[in-house]
Amino acid sequence: MHEFSICTNIVESVIAEYEKIEPGPVRLLKVRVVVGKLHQIVPETLLSAYEVLTKGTIAENSQMEIEFVDVCCQCNKCLWEGEIDYPFFICKECGSGDIALIHGKELYLKNLEVEYDETG
Ligand SMILES: [Zn+2]
């Protein structure tokens, strides 16, 4: 499944980022990822993939939040800019197919929310 391979990468970066945090937190609470709609991710599938893939890792029981980014393009002919009706890469202003992608391909870890040992 598509979501599982994407999620494997996410979990890897989550663990790598978490281990870089100084001073070391006690727990990972939440993970925010930014996903362009071009990836055609089914949120429920990504969330359950996350749950499965984080089992036994420091990310186990943490929550994943997905921020979707609309597929946005700019027309090379009339310079119209906006959301297109994916998967149709056609300018909504002049109907040209000569358009360039601006947003929608994003796929990255935005931030982590962690918990520190307050009693320290
Ligand atoms: Zn146009």
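User: What counts as a contact here, and which residues does Cys 72 touch beyond four places in sequence?
Analyst: Two residues are in contact if their C-beta atoms, placed from the backbone, lie within 7 Å. This is a predicted model, and Cys 72 sits in strand S3, residues 72-75. Leaving out residues up to four places away in sequence, its contacts are Gly 82, Glu 83, Ile 102, His 103 and Gly 104.

User: Is Cys 72 buried, partly exposed or exposed?
Analyst: Buried takes 20 or more other C-beta atoms within 10 Å, and exposed takes 12 or fewer. Cys 72 has 17 such neighbours inside 10 Å, so the label is partly exposed.

User: How far apart in space are Cys 72 and Leu 38?
Analyst: Along the chain, 34 residues separate Cys 72 from Leu 38. In space, C-alpha to C-alpha, the gap is 9.7 Å.

User: Which residues have the most contacts inside the largest nonpolar core?
Analyst: Nonpolar side chains tend to be buried together in soluble globular proteins. Here the largest nonpolar core has 14 residues, and the elements giving two or more of them are helix H1 (2-20), strand S1 (27-36) and helix H2 (43-53). The residues with the most contacts inside that core are Cys 7, Val 11 and Tyr 50.

User: Are H1 and H2 parallel, perpendicular or oblique?
Analyst: Their axes are 9 Å apart and meet at an angle of about 50°. Under 35 degrees would be roughly parallel, and 65 to 115 roughly perpendicular. That angle therefore makes H1, relative to H2, oblique.

User: How many nonpolar residues are in the contact of H1 with H2?
Analyst: H1 brings Glu 3, Phe 4, Cys 7, Thr 8 and Val 11, while H2 brings Thr 45, Leu 46, Ala 49, Tyr 50 and Leu 53. Cys 7 touches Leu 46, Ala 49, Tyr 50 and Leu 53, its neighbours within four places in sequence aside. By class, there are 2 polar residues, 1 charged, and for nonpolar the count is 7.

User: Where is Pro 87, and is the peptide bond from Tyr 86 cis or trans?
Analyst: Most peptide bonds are trans. Pro 87 is in the loop between strand S4 (81-83) and strand S5 (99-103). The bond from Tyr 86 to Pro 87 has omega near 5°, and is cis.

User: What is the phi of Gln 40, and is the residue buried or exposed?
Analyst: Most residues other than glycine have a negative phi. Gln 40, in the loop between S1 and H2, is not a glycine, yet its phi is positive, about 50°. With 11 other C-beta atoms within 10 Å, Gln 40 is exposed.

Technical notes: Residues are numbered from 1 along each chain as its sequence is written. This is a predicted model: local features need pLDDT of at least 70, side-chain atom pairs count only at pLDDT 80 or more; totals for chains, interfaces and linings use all residues. Helices (H or I, at least four residues) and strands (E, at least two) are DSSP runs, numbered from the N terminus. A nonpolar core is a set of buried Ala, Val, Leu, Ile, Met, Phe, Trp, Tyr and Cys residues joined through C-beta atoms within 7 Å. Axes are lines fitted to C-alpha atoms, for helices over the stretch in contact, and angles run from 0 to 180 degrees between N-to-C directions. Angles under 35 degrees count as roughly parallel, over 145 as roughly antiparallel, 65 to 115 as roughly perpendicular and the rest as oblique. Ala, Val, Leu, Ile, Met, Phe, Trp, Tyr, Cys and Pro count as nonpolar, Asp, Glu, Lys and Arg as charged, and the others, Gly among them, as polar.
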